[in-house]
Amino acid sequence: MTSLHWKRFVWFCLCLMLSHPAWSAGGVTIPGYEPATGVEHIYSVQKATETDMSFWFDKSGASAMTVRGAFRQRMTVMSRDEDRMRVRWSLSADLPEGMAGLAGSYQMNLFYRNSLTAYGTATLELETDLNGNPRSLPGVDQIVARMREMAANEPGGVPAAPQNGLHEIINTIEANPLQIVAVLVPEAQLLATGQSYQAETMEIGQASATSRDEDYDGISVPVASTWTLESTDATARTATLSLSEEADAAAFSQSQQPAIENLMTGFAERAKNLTADQLASLKRASKSRSVELVVSLDDGSTLEASEIVTVAAGGTTLRTYTHIQREDMPVSLPLPAVLTAKDLQTPDLHIDPLPSAKAGPGILDELSTPPAPPAASQDTTVATGDDRAKAIAPVSLEVKSAEVSLSPVTYDHGLNIVLTPESAATFRDFTQAVSGRQTQMLINDKVVMEPWMREPIMDGRIVLAGSDRKDLEALAEQLRGPGAKILVRLRP
């Protein structure tokens, strides 16, 4: 071969190498995850949860609910050595710019705001393996200490009840601190799914099967996984992979029996009339997961991920959607319709912000600060200073119905109270007058709830949430009695 031809051949090979993914004799090589340190990346995150309980409900529209969220989270790899990485996540519950007017259909942001307040931090520094999987959470002791102070004191330093929901959360994270990561930044685990610390060679279209076990309260559930390299993009230097997972049906059904029994208890009257085939169907459960991942062929990082997890058990189906996109890269995966739909059937929730214990630096006071009181032009009947509380008298409300049921969103028991039309109007006027202030709700002279009134309650419906079903049933029985009433007042 002449010198000129040889140079042309080398140049051709070089151009081919620069314009295509790394090819080997066996297929495409996806590089090991080697992120640059000290570089902040912003991720656009969209989530939705669909709950279908049509098996248990007859009324149209009562069986299916959707909750949605949209976030912008920031991640920086702080350091990396031969066996671990230090990763910092800066977290926010705020809706992305331009979406403020859609807050009513993004209720997940309100839940997440309260989660940040409960844990008392908007920054998590994680120790991960070289794939990016969280391994430990430095500083968890400080988070627990703040939570204990919040659990012990109500706003103003008033001692709290001996037990409340925060105590249960504290016990859970002391047993497994990574639960904080699962609640506040599950994106870390999803991004790590597409990353590997060592290079891997795959052929387009060829499936690769693996398996692992997941623990559900002591029951080991085998999970079968199938990986496929779907395509590559030479221009963008990316590879698109898919992951399909299926839990073993028999083992997963066994693991879900306590939850199924609890669900049937919540619908005891309806459960009595089920046929043998219906009962057998209720006790079967399944779980599947479908993931698409766009991975960089430069540094092995996950640039985009779309995940759908479906769990069916006890006559209900829960489906969660997550889409993550690094904002410096274009969107290439199709978004599920639920993430972009303009109209959604969302639950009627009144989500009050958690009050901050102000335990010290790191507590998110800006997230838990009560809404500002209405200006004088909005409510001229409210006086200033100590006269404010006197200017709005307590109201006594008559109850039309009170029933305990499971929430189609959280599966927790709740007491659903419906006021009479006259009391609904009274309650509407009261909540309008006390907007931005904390109230108390009393049943038989006992305070059962102290919500901040963020907005007027127009429909005459009140929901008391609680994990103890017996206590809620006892309150429901009291409210069903003749002349049962609820007293609502400003918090003294």
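Start with the meeting of two helices: select T117, A118 and Y119 in α2, then I143, M147 and M150 in α3, which they meet. Contact here means heavy atoms within 4.5 Å. The residues of this contact divide into five nonpolar, one polar and no charged. Ala, Val, Leu, Ile, Met, Phe, Trp, Tyr, Cys and Pro count as nonpolar; Asp, Glu, Lys and Arg count as charged; the others, Gly among them, count as polar.

Helix α2 covers residues 107-119 and helix α3 covers residues 140-152. Two packed helices are described by the angle between their axes and the distance between the axes. Here the angle is about 100°, and the axes are 8 Å apart. The axes are lines fitted to C-alpha atoms over the stretch in contact, and angles run from 0 to 180 degrees between N-to-C directions. α2 and α3 are therefore roughly perpendicular to each other. That term covers 65 to 115 degrees; under 35 is roughly parallel, over 145 roughly antiparallel, and the rest oblique.

A word on what is on screen. This is a predicted model, in which local features need pLDDT of at least 70 and side-chain atom pairs count only at pLDDT 80 or more, while totals for chains, interfaces and linings use all residues. Residues are numbered from 1 along each chain as its sequence is written, and side-chain values use heavy atoms, with hydrogens and water left out.

Zoom out to the whole chain. The protein chain holds 15 helices and 20 strands. These are DSSP runs numbered from the N terminus: helices are H or I with at least four residues, strands are E with at least two. Of the 492 residues, 41% count as buried. Buried means under 20% relative accessible area, exposed over 50%, and partly exposed in between, with a 1.4 Å probe and protein chains only. Among contacts between residues at least 6 apart in sequence, 67% join residues at least 24 apart.

Color by pLDDT, the predictor's confidence in each residue, from 0 to 100. The chain averages 79, and 77% of the residues score at least 70. Which stretches stay under 50? Select residues 1-26: pLDDT stays under 50 there, and the model has 21 contacts beyond four places in sequence for them. Then select residues 356-390, where pLDDT also stays under 50 and the model has 47 such contacts.

Next stop: strand β15, residues 395-406, where E403 is found. Is E403 buried, partly exposed or exposed? E403 is partly exposed, with a relative accessible area of 45%. Leaving aside neighbours within four places in sequence, E403 is in contact with G414, L415, N416 and R480.

Go on to the loop between β17 (439-443) and β18 (446-449), where N444 lies. D445 has its place in the loop between β17 and β18 too. Most residues other than glycine have a negative phi. N444 has a positive phi, near 55°. D445 is not a glycine either, and its phi is positive at about 65°. N444 is exposed, with a relative accessible area of 58%. D445 counts as exposed at 75%.

Last, select M453 in the loop between β18 and β19 (461-465). M453 counts as buried, at 4% relative accessibility. Show F430 as well: M453 and F430 are 23 residues apart along the chain, and their C-alpha atoms are separated by 9.9 Å.
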